[in-house]
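Subject: Structure handover

Hello,

Here is the structure for you to open. My notes on it follow below.

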Amino acid sequence: MTPLTIRLCGPRGFCAGVDRAIQIVVLALKRYGAPVYVRHEIVHNRYVVEGLEARGAIFVEELDEIPAEHREQPVVFSAHGVPKSVPEDAESRNLFYLDATCPLVSKVHKQAMRHERLGRHVILIGHAGHPEVIGTMGQLPDGAVSLVETVEDAKRYQPADPDNLGYVTQTTLSVQDTADVIATLRERFPNLTAPSADSICYATTNRQESVSAAAPGCDLFIIVGAPNSSNSKRLVEVAKRAGAKEAMLVQRASELDFEAIGDVRTLGLSAGASAPEVVVNEIIEAFRQRFDTTIELAETTIENEHFLVNRQLRDVELTVEDMAFVNGR
Ligand code: 0CN
Ligand code: SF4
């Protein structure tokens, strides 16, 4: 068999916000029984969504999809956050909701609100249409936030009052691209106010750093993650930019086309913040069956973040099997 070195990145996979969001759905199912509604994919991963569906969760995009006879069952808002209109709508429909918005997304919401309170027009750096962007824009009245996606947008942007601007960003952006957008804005608007803490989260930053360190010399870099997962897609870009010959997003080992993969000697492997470790293991196993595989750990930092679940759910107990699912194992 051909020898293959897998550079297994760390940190990879589930972050504290994803772990918490999945836990909230599992705990709600235990406490309140099925069905538990979830507005939008709790995190952007089919394996996770299907696993929760098998336990009795029902995924909807909007609250009006919840049938009247299930109005007493809880509805969970996804990790990506929601516009203010969503909890308001839930209240007007007498729905019981549990908010699984990542605390680091909520922090960005607060910083956007703070800019506005201090009289600044808010620039949100992020990707149009992404649920987190919709949620952050929806913290403020229409017109209070302008979305800037690229350096080109930053060059073109024409504010009404160039001396009163504050920015925040989506949590899952490319660290490098965002720095370029901010530098462009700052050059044009020297009084632009930064948020009091970085908006790109620790998990995004750490996963990009580790992929970037492992990428030089890789024939192929596989990122486990979904096509609608912003942070996972950014890891593919980072791998290519840092020197991997090829990089791709893979959702399950069954997608791997070994004919096309051909003769790789060094493979980089990481996983987005919403991708479970079971799929990483599945991919390692698929390579093991075809190559004489050695695993090299490419760990750049150790993470210790942990976020508590909502107060109502803290005393619900999980089985060992539930814990494994929550941890993506
Ligand atoms: O993949 P995710 O569900 O979300 P995005 O990367 O698309 O934002 O990962 C969890 C991140 C959050 C919030
Ligand atoms: Fe929170 Fe960052 Fe994880 Fe998103 S990627 S859930 S912002 S910790």
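By class, the shell around ligand 2 holds 8 nonpolar, 2 polar and no charged residues. Here Ala, Val, Leu, Ile, Met, Phe, Trp, Tyr, Cys and Pro count as nonpolar, Asp, Glu, Lys and Arg as charged, and the others, Gly among them, as polar.

Before the rest, the ground rules. This is a predicted model, where local features need pLDDT of at least 70, side-chain atom pairs count only at pLDDT 80 or more, and totals for chains, interfaces and linings use all residues. Residues are numbered from 1 along each chain as its sequence is written, chains are lettered from A and ligands numbered from 1 in the order in which they are written, and side-chain values use heavy atoms, with hydrogens and water left out.

Ligand 2

The residues surrounding ligand 2 are C15, G17, V18, C102, L104, V105, T171, C201, Y202 and A273. Each has a heavy atom within 4 Å of the ligand. Two helices, α1 (16–32) and α4 (103–117), each supply at least two residues of this shell. Helices are DSSP runs (H or I, at least four residues) and strands likewise (E, at least two), numbered from the N terminus. Where does ligand 2 lie relative to domain 2 and domain 3? Domain 2 (16–102 + 306–326) and domain 3 (104–188) both give residues to its shell, so ligand 2 lies between them. The domain bounds come from an automatic or database domain assignment.

Ligand 1

Ligand 1 has 14 residues around it, and H44, S229, S230, N231 and S274 come nearest.

- H80: a polar side-chain atom is 2.8 Å from a ligand 1 oxygen.
- S230: a polar backbone atom is 2.7 Å from a ligand 1 oxygen.
- S274: a polar side-chain atom is 2.7 Å from a ligand 1 oxygen.

D219

D219 sits in the loop between α8 (202–214) and β9 (220–224). Is D219 buried or exposed? D219 is buried, because its relative accessible area is 17%. The cut-offs are under 20% for buried, over 50% for exposed and partly exposed in between (1.4 Å probe, protein chains only). The D219 side chain makes a 2.8 Å polar contact with the side chain of K245. A polar atom of the D219 side chain also lies 2.8 Å from the backbone nitrogen of R265.

Best wishes

Conventions:
A polar contact is a pair of N or O atoms within 3.5 Å; within protein, one must be able to donate a hydrogen and the other to accept it, and residues adjacent in sequence count only if both atoms are side-chain atoms.
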